[in-house]
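Q: I'm new to reading protein models. Could you walk me through a few features, one at a time?

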Amino acid sequence: MRYYRLMVDERVKHQVETAPLAPLQVEDILSGHTIQTEDTPLFLAVHTDPRTVYPDFLEFPLPLVSDSMKALLEKYMPELEWKAAILTDFQQARQDVYWVLRPPVVDCLSSQTEWYPDHTLKQLVLKYEKIEPSIFRIAGLLEAHIYINLAVAESLLRRPFTGVRVQKVEMATKEE
């Protein structure tokens, strides 16, 4: 099976940007260990101008998806956990609903994975085995990237989503 990292397409200019969050806040939100209840939406401030584009996928500070992309991803994994995120632009008096994507965390790092001295990822290599969830995060990474299998990647790229790109992930060549 082939796997891909879900990424923001940098070619789309003037993408909306949310206010930054601390790494611990991001991890708490993604793991579901927040002080807020599950039904309480997350409010994120954004700064926009008249040319701002709201893409279907935002990677930072949290993986956020639009309603239409959420509907597609739920077809592949109905059990995915979501949290509503309201992107609020106070100057333009505009609010847009996005969804925090909280996929399962899978232990699938190969021993061939390379790291920088500060323990950030240099070269990702996944174990040579089938990974059960179609959409997942990888255990042991500081980065909160989202990974998808080939079927999800093809389905996303076949549709007219804005600002979505996939990057192939290297697989180990033999069983470890």
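Q: Where does Pro55 lie?
A: Helices (H or I, at least four residues) and strands (E, at least two) are DSSP runs, numbered from the N terminus. Pro55 sits in the loop between strand S3 (42–47) and strand S4 (57–58). This is a predicted model, where local features need pLDDT of at least 70, side-chain atom pairs count only at pLDDT 80 or more, and totals for chains, interfaces and linings use all residues. Residues are numbered from 1 along each chain as its sequence is written, and side-chain values use heavy atoms, with hydrogens and water left out.

Q: Is Pro55 buried or exposed?
A: Buried means under 20% relative accessible area, exposed over 50%, partly exposed in between (1.4 Å probe, protein chains only). Pro55 has 0% relative accessibility, so it counts as buried.

Q: Which residues is Pro55 in contact with, leaving aside its neighbours within four places in sequence?
A: Contact means heavy atoms within 4.5 Å. On that basis, Pro55 is in contact with Gln15, Val16, Tyr98, Thr162 and Gly163.

Q: Which residues in H3 are buried?
A: In H3, they're Val152, Ala153, Ser155 and Leu156. They cover an arc of only 165 degrees around the axis (using directions from the helix axis to the C-beta atoms), which puts them on the same side of H3. Exposed Leu157 and Arg158 are on the face of H3 turned away from its buried side.

Q: What do the buried residues of H3 pack against?
A: Their partners are strand S1 (3–8), H2, strand S12 (135–138), strand S13 (146–149) and strand S14 (164–168).
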